[in-house]
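Welcome, and please open the structure in your viewer. We will go from stop to stop, with something to select at each one.

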Amino acid sequence: MMQHRIKLRPDEVKEFVAAATKCAYDVDISYNSFIVDAKSIIGVLGLNFNQVLTVSYNGYDENFEKYLRKFAVAC
């Protein structure tokens with residue numbers, strides 16, 4: 001399972017969901033024990049954007065990996 005820690009702003013949600021939707025595998029985004037489908041704009045908008053978010057998925061898409069790098073948070 002791949003995981004990336006990111007910081008996301010509300011104005012970036014539409015673009016983030018569009019990028020996740022292009023993946024052929026399931027993508028989840030979470031913080032603490034709250035997990036939502038990253039392909040759901042309503043679900044992602046319900047997140048607390050003051051938190052560091054974790055994107056989890058089983059698969060690989062080079063474009064999605066590049067896209068996530070711009071939101072990366074140092075561990």
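Begin by selecting I6, L8, F16, V27, I29, V55 and F64: of the 24 residues in the largest nonpolar core, these touch the most other members. A nonpolar core here is a set of buried Ala, Val, Leu, Ile, Met, Phe, Trp, Tyr and Cys residues joined through side-chain atoms within 4.5 Å. Buried means under 20% relative accessible area, exposed over 50%, and partly exposed in between (1.4 Å probe, protein chains only).

Next, colour α1, β2, β4 (53-57) and α3 (62-69), the elements that give two or more residues to this core. The most comes from α1, with five residues. Helices (H or I, at least four residues) and strands (E, at least two) are DSSP runs, numbered from the N terminus.

A word on the model: it is predicted, so local features need pLDDT of at least 70 and side-chain atom pairs count only at pLDDT 80 or more, while totals for chains, interfaces and linings use all residues. Residues are numbered from 1 along each chain as its sequence is written, and side-chain values use heavy atoms, leaving out hydrogens and water.

Now zoom in on V27. Leaving aside neighbours within four places in sequence, V27 is in contact (heavy atoms within 4.5 Å) with A20, V36, D37, A38, K39, V55, S56, Y57 and F64.

Move on to T54 in strand β4. T54 is buried because its relative accessible area is 16%. Beyond four places in sequence, its contacts are Q3, H4, R5, D28, I29 and S30.

Finish at K22, in the loop between α1 (13-21) and β2 (27-31). K22 counts as exposed because its relative accessibility is 70%. Try the distance tool: the C-alpha atoms of K22 and F64 are separated by 8.3 Å, with the two residues 42 apart along the chain.
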